[in-house]
Amino acid sequence: RFFVLNNDAGLLEYFVNEQSRHLKPRGTLQLAGAVISPSDEDSHTFTVNAASGEQYKLRATDAKERQHWVSRLQICTQHHTEAIGKNNPPLKSRSFSLASQGSANSPGVQRRPSQNAVSFFNVGHHRLPSGKRVPIMQPDHLVDVREMMSQAEGQQRDLIRSIECLPVSGHLTSLDQDLLMLKATSMATMNCLNDCFHILQLQHASQQKGSLPAGTTISWLEPKISLANHFKNGAAQNFPAEINKPASVREEQSIAEPCQLTREPEEINPDEELEDIGDDKEDDLGGVEEQRSVILHLLSQLKLGMDLTRVVLPTFILEKRSLLEMYADFMSHPDLFIAITNGTTPEERMIRFVEYYLTSFHEGRKGAIAKKPYNPIIGETFHCSWRMPKGDVATDAGSNFSAHSPSEQITLSKDLEGQTELDYYTVKFVAEQVSHHPPVSGFYAECVERKMCVNAHVWTKSKFLGMSIGVTMVGEGLLSLLEHGEEYTFSLPCAYARSILTVPWVELGGKVNINCAKTGYSASINFHTKPFYGGKLHRVTGEVKQNTTNTVVCRVQGEWNSVLEFTYSNGETKYVDLTKLSVTRKRVRPLEKQGPFESRRLWQHVTESLRDGDIDKATEHKRALEERQRNEERLRAETETPWCTKYFLKEGDGWVYHKPLWKTVSAAQTQQTDTN
């Protein structure tokens, strides 16, 4: 799009292209009251946040052009914001009551007695002097505003104190849902007013200088209250002294510095791994409902767009597994993974990869309720494997699972008892947390028998979006089919936890691309988020095409957690019902054979406490692990000791497994050539 800044009208207009500039704009954005912010993603991007709530994300050709646009937009925004303030008198202030108004018999105001409890408190409302119009904000007026805000902050603190002093049982309690909501929203309101006052101060300072200096930006303040602790009913949670801690917690804190442990890569014997029998479905809503006060208190501290990487979230919203294990669960259909290399043509192999890719996300979720896996500790690892009977792996297009209708889905998992080693393929998986800030995970999987492997690194960037949380999966994966000399690069979609105050659920969104440079085939897949009105949940669409001829060879549509429909260039339509695909259980070593930094052993006490429903104990174990990690990080910074990874090596902007299959196979072929 071609953008034009209309200084006179205070509008940012855009057109299809520069040639259509004389026509009516395709869209406009009012700049009065807008906030212009350079992005921290790179040196080219910036955002225009309009007062209406609309947001434009724009990218300049270079840093110099971005600076020019940001400065001009800020000057225009300030001019038109001030003009509106001068031409429009302030709204007449009015007093109001927090108690229900109207007839008590009116259906719109029928509430249980405790909902009117806010009238119990003496909450003052200041009536501003009416009939006085302030044309320009003078310094003494800012002082008056600051003084009034100080009074409001004092009243807000009194309100919080009055609520927390109520008994925990009886007719009116400190745990009343309406009082908790009042406590959270009043705190959020004061934070917002402080931010607005900060903006007024910046604007007044710019007025004194005549105009905004080049490059000036208005940034949002950090939270007023520390989020370093977990909260319970609005108060910081106190943990018992060291002597009262369980032995397991003391053990967690006493584990030696990871870099002093053996950092040599460990070869895991798949024969030591046993089929996983755990089935921790996350469908329990009890924790969310019981701990709603903690969520409300936490939300009152957060701001839109705030990075949640360093925010300690409450324990009860956690899944009973690490993020590293969640990545492993994306491999729960190893038969479809192995079948990729069995495709007879480049087109068929690309289509098979797309089919496998789209079926991987469903099993990655443990139930319908959105919960968060543990944040891996730096140096944490996870190992597992899958055994897949060779007869269950598709060898040609005719035996591909997608040839069956939803009612004819074949069983993809069989009993392995009585089968010899030659009757199954083994897929091995290893993951490692290679960085803490930013949080980066590396994972690698391989099937030696089929000479195929996948290597990926993911940086999870989470942000607060109001009533949802967004997680961007920054990184790239590489699938290598060594039998064909092909490499497929791919990315991952964004994930969103929606309705975090009621019944949280997961949604995927964004566009991902899969490319094979050697064959010229590519795939574009769109994960659609639900529109505000109407529309379907979990919708996905995509197409596979040959780049040289720009020919679409396959289209896909459906839901990533339900039924997918594939339409091929020959007109044939095939279906996959993900709910009927059998899952191959992963094989994991028993806890007693795992190292101290393997995920399940590392988090075992947190997991056991969550299974028992003991949130306080789980929080204590989790806090001990996180505190140890912070102490180790502080020690490394003081001694300038770099962190040494175990399985993954830094290459450019990515992380690569230390002994990938493509190096092993290449070395073996070279050795064989030398022998001959």
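**Strand pairing and aromatic contacts**

Trainee: OK, which residue in β24 stands opposite E565?

Mentor: That's Y575 in β24. Keep in mind that this is a predicted model.

Trainee: And how many bridges join β23 to β24?

Mentor: Five bridges, between β23 (residues 563-568) and β24 (residues 573-577). The two strands run antiparallel.

Trainee: What do β23 and β24 form, and how many residues are between them?

Mentor: They make a hairpin, with four residues between the strands. Look at G571 in that turn: its phi is positive, about 95 degrees.

Trainee: Switching to rings. How many aromatic pairs does the count come to?

Mentor: With ring centres within 6.5 Å as the rule, there are 17 aromatic pairs. Take Y327 and F443: their ring centres are 5.1 Å apart and the planes sit at 25 degrees, so that pair is stacked.

Trainee: Where are Y327 and F443 in the chain?

Mentor: In distant parts of the chain, 116 residues apart. Y327 belongs to helix α7 (residues 323-329), while F443 is in strand β14 (residues 440-447).

Trainee: Is Y327 buried or exposed? And F443, buried or exposed?

Mentor: Y327 has 1% relative accessibility, so it counts as buried. F443 has a relative accessible area of 11%, so F443 is buried too; the cut-off is under 20%.

Trainee: Which residues form one aromatic cluster?

Mentor: F330, F353, Y357, F361, Y488, F490 and F527.

Trainee: Last one: what sits over the ring of W459?

Mentor: The charged end of K461, 4.9 Å from the centre of that ring.

Technical notes: Residues numbered from 1 in each chain as written. Predicted model: local features only at pLDDT ≥ 70, side-chain atom pairs only at ≥ 80, totals over all residues. Heavy atoms only, no water. Pairing = 2+ DSSP bridges. Phe/Tyr/Trp six-rings, centres within 6.5 Å; stacked < 30°, edge-to-face > 60°. Buried < 20%, exposed > 50% of the residue type's maximum accessible area, 1.4 Å probe, protein only. Lys NZ or Arg CZ within 6 Å of the ring centre and 35° of its normal.
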